[in-house]
Amino acid sequence: MSIKTISETYLADTYSRNLVLTEGLGSEVWDENGKRYIDFAAGIAVNVFGYSDTEWADSVSRQAYTLSHTSNLYHTEPAALLAEELVKRTGMKRAFLCNSGLEANECAMKAARKYSYDKYGAERYGVVTLKNSFHGRSFATLTATGQPSMHGAFEPLLQGFDYAEPNDIDDLKAKLDDRVCAFLFELVQGESGVNPLDADYVREAAKICKEKDILLIVDEVQTGIGRTGTLFAYEQYGFEPDLVTAAKGLGGGLPIGACLFGKNVESVFSKGDHGSTFGGNPVVCAGALNVLKRIDDRLLSAVKEKGEHLKEELLKCSKVKSVTGLGLMLGAEVEGDAKEYVKLAEEKGLLLITAKSKLRFLPALNISDVILDSGILILKEILK
Ligand SMILES: *Cc1c(COP(=O)(O)O)cnc(C)c1O
């Protein structure tokens, strides 16, 4: 049997997929027939330094040969240094390490509920999120996800969630009543079409939340780790979050999530309040630490420049109606079916993904100018 047949027979049928990928290096990847593709999706914003980056692979394999897994009953150097780096680079106070984006969001919402429970009692447990958001696929994060089409078969969902219209401050005000403990949001809604929030809206929302002691949880699972041209996107919005979640790009290709706690919530969890068997795994953390240390000002300004370049070139194509996003997280509204363009691009050797009706671009942050331009050339052929 072919790999594709085995995969389709034995894996749960939760994704539609076509290619069998066998090898990758940087921003290039090869399929089982030896066909080469330029990759503008990077494992959905995960491979920040592309496939099989040597420095990252060295850090990971050295750690795998030294101390692979310990459980959280012991301190280890990689987890300690990763938490230190995350804290020092953000001004947050502590990090909880877990294994995915949804877990980071779960952690943040648990922290918000506990903060409110300790301070105001049991009735103030509400979480407001935004319509069209995406926060994950566990029951809590699926409930938080403001897309009713995803809820249907899985109800009843969790109690205490409400959904506000993005960029509508009056709607948010009405929803932030005295039973709400947290406002959870993405600064650029990724899965629903790469739509950034207005800066004024975010500033006003942050002000209202501070006044009411409602915690601001920023889901930076997709926007974080340099993706938007700053380490975290909130730096570009000028407010202080209480909780920040990260995942995707943080591990450079291995599963990791992190929930960062600001000064208000630094001590909200005590021993036993939260946990994870694999969270903080030394091998994964060694890779993440290597990734984080290499996201410096030079790389970040290159991300901004490359993002601008890609955006300008996309806007020259007649089939592109608009381009939204920040840094190397872009979405293009196109004439016709975005999925058809994904197929056309694949035929020509370029991997793309969609976000709702848009084409979505999330290349590796270190994609070379040459490869970026080769990919753009293919885009220009199919989007003319
Ligand atoms: C991908 C994503 C998640 C979920 O992350 P997983 O690692 O798949 O659990 C949550 N929030 C946002 C904004 C995401 O893009």
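**Close-up views of a predicted model**

View 1. Contact here means heavy atoms within 4.5 Å. Helices (H or I, at least four residues) and strands (E, at least two) are DSSP runs, numbered from the N terminus. This is a predicted model, where local features need pLDDT of at least 70, side-chain atom pairs count only at pLDDT 80 or more, and totals for chains, interfaces and linings use all residues. Residues are numbered from 1 along each chain as its sequence is written, and side-chain values use heavy atoms, with hydrogens and water left out.

**View 2. Helix α10 and its buried side.** With 19 residues (297-315), α10 reaches 27 Å from its first C-alpha to its last, close to the 27 Å expected at 1.5 Å a residue; that expected span is 1.5 Å times one less than the number of residues. Its buried residues are Leu299, Leu300, Ala302, Val303, Lys306, Gly307, Leu310, Glu313 and Leu314. They sit on the same side of α10, because they cover an arc of only 155° around the axis, taken from the directions from the helix axis to the C-beta atoms. Asp297, Arg298 and Glu305 are exposed on the face turned away from that buried side. Buried means under 20% relative accessible area, exposed over 50%, and partly exposed in between (1.4 Å probe, protein chains only). Among the elements that the buried residues pack against are α9 (282-294) and α12 (369-383).

**View 3. Aromatic rings.** The whole structure holds 5 aromatic pairs. Rings of Phe, Tyr and Trp (its six-membered ring) pair if their centres lie within 6.5 Å; planes under 30 degrees apart count as stacked, over 60 as edge-to-face and the rest as tilted. Phenylalanine 185 and phenylalanine 239 make a tilted pair, 6.1 Å centre to centre with 35° between the planes. This pair links distant parts of the chain, 54 residues apart: phenylalanine 185 is in β7, phenylalanine 239 in the loop between β10 and β11. Both are buried, phenylalanine 185 at 2% relative accessibility and phenylalanine 239 at 11%. Phenylalanine 261 and phenylalanine 269 have ring centres 5.8 Å apart and planes at 75°, so that pair is edge-to-face.

View 4. Most residues other than glycine have a negative phi, and most peptide bonds are trans. The bond from glutamate 155 to proline 156 is cis, with omega near 5°. Asparagine 132 has a positive phi of about 70° and counts as partly exposed at 38% relative accessibility. Valine 194 also has a positive phi, about 55°, but is buried at 0%.
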